[in-house]
Amino acid sequence: MLQSELQHPPFDIEPAKLPAHIAIIMDGNGRWAQAQGKSRTYGHRMGAAAVRDIVTECAQLGVKALTLYSFSTENWAREQTEVNFLMDLYVEYLIAERQTMLDNNIQFRQLGSAEGLPDDVLAELNKTIEMTCSNTGMTLALALNYGSRAEITGAVKAIAEQVASGELKVEDITENSISERLYTAGLPDPDLLIRTAGEMRISNYLLWQISYAEFYVSECCWPDFDVAQLHEALRAYAARKRKFGCVPDHSVDDQS
Ligand code: IPE
Ligand code: IPE
Ligand code: MG
């Protein structure tokens, strides 16, 4: 066996056992950098560099949607220099990665608000959305200036306005009425939610959409999260038994 095969065993999960939608909380850039005596901004730069392999691998595996949490509405509270650096990095990332998206038939979209984002970030977001809009492969959704509570509040307001204007009846409001007014409209709910850097929390991410997602926490900080780590998460997911509130094996232990 080749050394590379020992390090990265061949991927052996059947397509039916792969998640249709993977959501990732890319955390730990700061800690990763700090551990090597480097600045937090260096950690963000290396974090951005780690994104390409994961995106490409998901697209090639046939995953339908990949949702990456890159900046929360709460992250505006960080030091201004860090926020400015991140905004410049999004511009750089979008320009550099458009070709990868085109090469892999990826459709790009943003999850989050435009409000407060610098003009150059908005311009590159829009350009990337336009350039990839006719692609038919994986959807890459970048959660940038995203907050789940704000997203749900927006959906509730939109519904309330339609009820007030007589366009929508209260009795016609369904769970779908909420889903279709979220940034994720049209995407399947995440099947697998991965968080890196060991934290066991959601941090205001996709609260509505992850109702039945399987949660996988990796100790690895985001800049170190590579294809081998992704495969490990996918193996763990394939071994989970999803129940959605049912008792699938009730005949086995129903002895009465
Ligand atoms: C995630 O890494 C990136 C963003 C939130 C922008 P962090 O910057 O949160 O890294 P830690 O959690 O401080 O290590
Ligand atoms: C969540 O990470 C947001 C992103 C990864 C973009 P944070 O680092 O902001 O979350 P907390 O502060 O640890 O909850
Ligand atoms: Mg963090």
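Is Arg31 buried, partly exposed or exposed? I looked it up: Arg31 is partly exposed, with a relative accessible area of 34%. (Buried means under 20% relative accessible area, exposed over 50%, and partly exposed in between, with a 1.4 Å probe and protein chains only.)

A note on what I am reading: this is a predicted model, where local features need pLDDT of at least 70, side-chain atom pairs count only at pLDDT 80 or more, and totals for chains, interfaces and linings use all residues. Residues are numbered from 1 along each chain as its sequence is written, chains are lettered from A and ligands numbered from 1 in the order in which they are written, and side-chain values use heavy atoms, leaving out hydrogens and water.

Next I looked for salt bridges (a side-chain nitrogen of Lys or Arg within 4 Å of a carboxyl oxygen of Asp or Glu). The whole structure holds 14 of them.

I then followed Arg31 to Glu199, its salt-bridge partner, with the closest N and O atoms 2.9 Å apart. This pair links distant parts of the chain, 168 residues apart: Arg31 sits in helix 2, and Glu199 in the loop between strand 5 and strand 6. (Helices, H or I of at least four residues, and strands, E of at least two, are DSSP runs numbered from the N terminus.)

My next stop was Glu82, which forms a salt bridge with Arg78 at 2.8 Å between the closest N and O atoms. Glu82 is buried at 9% relative accessibility, while Arg78 is partly exposed at 32%.

Last, I checked Glu214 and Arg242, whose side chains meet in a salt bridge of 3.9 Å, N to O.
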